[in-house]
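The sequence and structure come first.

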Amino acid sequence: MGSKTYENDAQRGDGAPTSPITSDTTGGEPRGAHLSRDGDGNLGDDNGDKDADGDNRACAVALSLTRPSAPTTNSEKKKRRKRKKNTSLLKQSSPPRIPLSDLFPTSRYPMGELQSYEPVIENTARTTAEEVRYLSRYHLQDDNVLNDYRKAAEIHRQVRRWTQESVRPGQALTDIAVDIEDGVRALLDNAGIERGASLKSGMGFPTGLSLNNCVAHYTPNPRQKEIILQESDVMKVDFGVHINGWIVDSAFTMSFDPTYDNLLAAVKDATNTGIKNAGIDVRISDVSAAIQEAMESYEVEINGKTFPVKPVRNITGHDIKRYQIHGGKSIPFIKNSSQTKMEEGEIFAIETFGTTGRGFLVDGPGVYGYGKDPHAPKRVVSPLATARSLYKIINENFGSIVFCRRYLERLGVERYLAGLNNLASNGIVEVYSPLMDIEGSYSAQFEHTILLRESCKEVISRGPDY
């Protein structure tokens, strides 16, 4: 989910080149456990995990299971074959509705793609302030947090795989959004209806389905005109999955006409370039410069006219904090002079948007969603009873996670618009509008969530698709 900026705002960033390290995608599962899950979970090459932390121990255990054992009798071999024959295997359904915990009975989920850090040339010794900030981000050393993140990422992979295979022109955007969200909740085994259930796990933000010159932040909402997906549309699909507030934010673009292939290729290349250059102690401005260079090396021909692919100037990638999709740091897609650096323990959504238009966005009609200020008080004083009751519902079900009107109505909330407007006008919740480029232009988006761990960066949402 892109973070909106204004063209004259100070922009931050940093980046450092990296080389990929392929990972053991079973994440330390016992031998044979991978047979119980959907094959779509395999990421990268199966060359083994080269991570320097506890994941190596899991790999060592897995290797020891392959060593030759003592000779066995014929009767013992027959018994083993018989047990294998009776084994029942589960595969993900279509649409995806089997909870992920049923597909992974060990509750250990595939890790993302691991990439090594390359040394930063300049002197980048950490200051005391940076060390203090690092101590507040110890969560990436917690196996439970990493496992929650990997589970959320596997859910994202399985749901988006079904989306890519199933969504076709002629479908209503509301149906597409609801199918994606129903899939996420089913795989989480959490419908999110009971009070507080959506704070345990659920959607990281409303599903974005932005078409053509609508670059970001569109989701179908009640009482809006229904939009039908067309053969000529370029659709950005942006959705998040969270478990215990740890959000996986990943996005891709779908088109049904090869005319737009170069547009998609440009943005995918720019995103992967950003990931490659990201790292601990790297200036975000260096990541931004690399992104811009990669994207601007492409052009696309549409109806006989050639368009350069431009990076969007006033929307950015961003860091992610617990229950907070936009953590405060931004990664622009254009060169800038910011000296802000990425730091160990941080989580980033590395995303890029490319367009055939102006590359500068304005607010479009309607509302995408709402996000409560993470520093807002527990209670609000308002003359409107609907605002007070709605604020309680927001705190109990969403906290600071971005939500939309569709989610409120799913909970059975009625007559909420006056209360929402009152909370927004008092700065309690932020309103997100659709972001538009000029009419007739086309845009694309690709995005991954990366974890800046001590010894490597983990592209947690990486899959065989992008």
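This is a predicted model: local features need pLDDT of at least 70, side-chain atom pairs count only at pLDDT 80 or more; totals for chains, interfaces and linings use all residues.

Q: How far is the backbone oxygen of glycine 2 from a polar atom of the side chain of histidine 217?
A: Histidine 217 touches residues including Met1 and Gly2. From the backbone oxygen of glycine 2 to a polar atom of the histidine 217 side chain, the distance is 3.0 Å.

Q: Is histidine 326 buried or exposed?
A: Histidine 326 lies in the loop between strand S12 (315-319) and strand S13 (330-331). Its relative accessible area is 17%. The cut-off for buried is under 20%, so histidine 326 counts as buried.

Q: Is histidine 217 buried or exposed?
A: The loop between strand S6 (214-216) and strand S7 (234-243) holds histidine 217. Because its relative accessible area is 6% and the limit is under 20%, histidine 217 is buried.

Q: What is the largest C-alpha distance between the residues that UniProt lists for "binding site"?
A: The unreviewed UniProt entry lists His217 and His326 under that name. They are spread over 110 residues of sequence but cluster in space. The largest C-alpha distance is 13.7 Å.

Q: Which residue of this set is in the lining of the second largest cavity?
A: The set in the UniProt entry consists of His217 and His326. The lining of the second largest cavity takes in His217.

Technical notes:
Residues are numbered from 1 along each chain as its sequence is written. Side-chain values use heavy atoms; hydrogens and water are left out. UniProt positions are given in the numbering used here, feature names are shortened, and annotations may be inferred rather than shown by experiment. On a 1 Å grid over the protein atoms alone, a cavity is a set of points where a 1.4 Å probe fits but cannot get out, and a pocket is an open set with protein on both sides within 12 Å along at least five of seven lines; lining residues have an atom within 4 Å of a point. Helices (H or I, at least four residues) and strands (E, at least two) are DSSP runs, numbered from the N terminus. Buried means under 20% relative accessible area, exposed over 50%, partly exposed in between (1.4 Å probe, protein chains only). Contact means heavy atoms within 4.5 Å. A polar contact is a pair of N or O atoms within 3.5 Å; within protein, one must be able to donate a hydrogen and the other to accept it, and residues adjacent in sequence count only if both atoms are side-chain atoms. Lists of a residue's contacts leave out its neighbours within four places in sequence.
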